[in-house]
Amino acid sequence: MHRFLLIALCAVSFACQKSADRDALGGKKLTVALLPKSKGNAYFISCKKGADTAAKELGVDLIFDGPTDPDPAKQNEIVENWITLGVDVIAAACENKEGISTALRRARSAGIKVVTYDADALPDARDFFVNQATPEGIGQALMDEAAKQIGPEGEFAIITASLTAQNMIEWQRHIEAQRAAKYPGLKMVALRPCDDKKDLAQSEAANLLGAYPNLKLIMAICSPAVPGAAEAVKQAGKAGQVKVIGLGLPNENRAYVKEGVTQTVILWNTLDLGYLTVQAAVATAKGTLTSGATVLTAGRLGEIKVEGDQIVLGKPFAFTRENIDEFDF
Amino acid sequence: MNSARSRWRAVLLRHESVLLALLLAEILFFNVAGARFGSLNNAFDIVRHSVEIGLLALVLTPIILTGGIDLSLGSLLGLCAILFGKMWRDGGMPIELAAGCTLGIGALAGALNAALIAGLRLPALIVTLGTYSLFRGLAEAITRGVDTFTNFPPVLLALGQERFAGLPAQGWAFALIAAVVWLLVHRTTSGRAWRAIGFAPEGARYAGLPVTRRIASAYVLAGTVAALAAIIYTARVGQAKADAGTGYELLAITAVVLGGTSIFGGIGTVHGTLLGVAAIAVLNNGLVHARQPREVAGMLTGALLLIALTLSAAARGLGSRRG
Amino acid sequence: MSGQAGLLTRHFREFAVAAVLGILLLVLAAFAPAFFEWQPLLSRMTREAPVLVVACGIAPILIARQIDISVGSIFGVCSVAAGLLATEGWPVVLVAGASISMGAVLGGINGGFVAGLRLPSIVVTLATMVVWREALRWWRQGEFVNLPAGAQWFGHSQVTGQLLLVGTAGAVLVVLAWAAKNLSAGRFVYASGSDAEAARLAGLRPQLVTFWTFVVAGALCGLAAMMNLVQSPQVDPKSGAGLELRAIAAAVVGGVAVSGGRGTMWGVFLGLALLACVNPALTYLHVHAFWEKAIQGVIILLAVAADVRATEARARVRR
């Protein structure tokens, strides 16, 4: 009996083959495929919100899909699925620079335009990189803020998501470069990962507070770690004594910033980032944004400067007690 | 004894036929739901994306047949991937030599599991839980978490990304390993021994089977093939990182059990495993074409596993082997 | 005299783990005495209290020769559901009750498949783990649940709350340890795990016992979720990821045999204490973070390898 089914399987496969000539997406609507570093990450969800707005304004279809587990190959698989699906342009936030470039290059040779956002791929694998701020800018902003909070001398610790996350590694490099250049009196005493989990960040921060009694500041560079570290500092009774800064979303940190446990949260407007990404993606797909352009007209954001192949949103923005209520994401 | 055997055979046949029918149904459904699903390109995508997990599922089959399990294969994939990169980049080895050494390391790691499980008779679940942590931990320690290996020579990348005689290159490697494992399990005395050990370990011992050696060989084989999967993975992605292969062992176990192999040991086929791998791969790929969120694929896979088990149990009726 | 030797041999594992833990604590006392400052120590114990509760819940399942790898997902679902109920204005006590009940129901689903349909527990709980985890992910998309102000520490001060939580974990440990020894139900679990067929012939109902161990484990997950929830003003839907491995590792290192029939709650406690000390010990000793997984893997393997003598002795007795 199952031999019959095996033959039926082959017949069905052949039948399916013929119908592949049909156009995959039908109609004239452009399709933008947006790839976050991982799904279920509040940061990328807020980027998506901005992206949705732009997609609606421009009248394009937006597909949003991302890996749900940390295996590095997953992003590649999603991109390859999209190549087969026949999307018009892919906008990717790259977890593994070299790894995903493999898949993105293939997309380009299949005629699909590629832009990256938030975290870049290799330059030959994409047309443009929509950067919220350069890694140097981010690293410097963090280090400068740390110095502003605790002065030119002292110990600080960094909590990151995982030791292998590429863009965090880059930020750390720039933090260290800025520290060595401008604040040699500040020492980074520890670097702990929190697996992108708030609870683990809280435990790690609590341990750091105990293990390094002279610690003056915790720098949390992955967004769940900022409220986690803040809670640990608060529970240890060291609010104000040990400063907390980091890269995080205003909504997750509002309470701590207002209480004075967290001094500053640095980020950029993620809604704008998503919005700009889709604007750039559509412009690239339509051919209105080509290499050599110096400016991109991006809907409600107005005219954005284009430097080479980088489209920079702006500088990192510092959310403090004074201004955090103006933002909702 | 004969009627019991034919009863088991009937059950097996039934399970695989159901799985095959399910696979057909998936293919038909997704062909309607997604326009480009049925294309040759997509078929190649499916093959390319499922080779590593498929390899792990293939070598898990003998292990599970013996009543054991191996949770460390995904971590071993990650460890072998970075050691492969390290030997080539920092050790200056030619890529072929690095690949050969990686296979050796995989075999050694498998031998560690084998020594503890077959030699010291420790429970496989816990030993491989320990090596699951240990291998991943070593990978993170060696790379200090941050180091990655890339810019591999084209001859390696071709293995993961190019086509060979019309099919994706790694597909041929997979087909070869599948054929070898199938022969081992279904046509050699090793395969019979694995089944017998799974059915009744003490009985197998009394029957004079070299139980320790057979169990050990299953784990060493698994380690070696995991190393091969690591090489293919690196070739496909073009990068070797410490967290490569995270979660692969659970997917592989799902495929094996879906394919009809009993987790208690003694019953199971390699073609069942292949069908299990195909069913899951097609499901994951098809849902993307049907524009469904990724989480749905996970939930459906879990639900599918439960349904498959329940149906099998219903077919089996009474007479479970363990409480 | 022989009674004393009997105690040591019978509980060799527990003593060995206690010894290793003792050595680790001595090393810390020598090189990083800050480890023992009471306030951070209490905080650390409070953070591990939910894990202890889950590990105590998993131990009976392992002793009954089953396994449950879905406890992390059950924990996550209960955490988020309880958090949402709290934001709806439910009083904390009712939220706790709801969390425990939900955990019991999810545990009951596992138990139904395993005990009722006689399906292998590792595969059933693998399937339910994936289903609940993906469903939770789909539902929340990574968004935190912001708890109302009165929820943290059940509305008490921090120290009171922490002592309350540590006390609850201790109470669960003591009750289960007592039940394992003195309640018939407790002895049934050991009997089912040692030899299900013999237990059945002796008039026990192994399937029923198995079912209830899953329900209890689920309920304890719900309790643990609640205990974790009151420790901070936000619920992360990712909480609970990896919990099952920590709980199983703690139980196994502490002497619970995966082949069933053996293990004590005190062993679970010691195993958890040892494994939970690794991470903070590395921080206090200023050792790099990336050694953690390797060290834990080695501890698990050593713990299991140390079973060799015991396993062989038992195997010989069985023949």
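Predicted model: local features only at pLDDT ≥ 70, side-chain atom pairs only at ≥ 80, totals over all residues.
## Salt bridges inside chain A

Let's start with charged side chains that meet. Over all chains, the structure holds 33 salt bridges. One of them joins R126(A) to D309(A), with the closest N and O atoms 2.6 Å apart. These two residues sit in distant parts of the chain, 183 residues apart. You will find R126(A) in the loop between β4 (113-117) and β5 (128-131) of chain A, while D309(A) lies in the loop between β12 (303-307) and β13 (310-312) of chain A.

D309(A), at 30% relative accessibility, counts as partly exposed.

A second pair to look for is E204(A) with R192(A), whose closest N and O atoms are 3.0 Å apart.

## A pair in chain B and a network

Now turn to chain B. Here R89(B) forms a salt bridge with D147(B), and the closest N and O atoms are 2.9 Å apart. R89(B) belongs to helix α3 (residues 73-89) of chain B, and D147(B) to the loop between α5 (124-142) and β1 (149-150) of chain B, 58 residues away. R89(B) is partly exposed, with a relative accessible area of 36%. D147(B) also counts as partly exposed, at 23% relative accessibility.

Salt bridges can also join up into a group. Which residues are linked in a network of salt bridges? They are K39(A), D65(A), R294(B) and E295(B).

## Where chain C meets chain A

The next stop is an interface. Chain C gives 32 residues to the contact, and chain A gives 29 residues. About 2,700 Å² is buried between the two chains, with carbon and sulfur atoms giving 46% of that area. On the side of chain C, R47(C), Q141(C) and T283(C) lose the most area to chain A, together 21% of what that side buries.

How many salt bridges cross the interface of chain C and chain A? The rule finds one. K238(C) forms a salt bridge with D196(A), and their closest N and O atoms are 3.9 Å apart.

Which elements of chain C give two or more residues to the side that touches chain A? They are α3 (38-63), α6 (121-140), α7 (158-182) and α12 (265-284) of chain C. The largest share, five residues, comes from α12(C). Sorted by kind, the residues on this side of chain C divide into eleven nonpolar, 14 polar and seven charged.

## Two parallel strands in chain A

Finally, go back to chain A and find strand β9 (residues 243-247). This strand is mostly covered, with four of its five residues buried. Beside β9(A) runs strand β8 (residues 215-220) of chain A, and the two are parallel and joined by four bridges. To trace one of these bridges, pick out I218(A): its bridge partner in β9(A) is V244(A).

Notes:
Residues numbered from 1 in each chain as written. Chains lettered and ligands numbered in written order. Heavy atoms only, no water. Salt bridge = Lys/Arg side-chain N within 4 Å of Asp/Glu carboxyl O. Buried < 20%, exposed > 50% of the residue type's maximum accessible area, 1.4 Å probe, protein only. Contact = heavy atoms within 4.5 Å. Buried area = accessible area lost by both parts, 1.4 Å probe. Nonpolar A, V, L, I, M, F, W, Y, C, P; charged D, E, K, R; others polar. Pairing = 2+ DSSP bridges.
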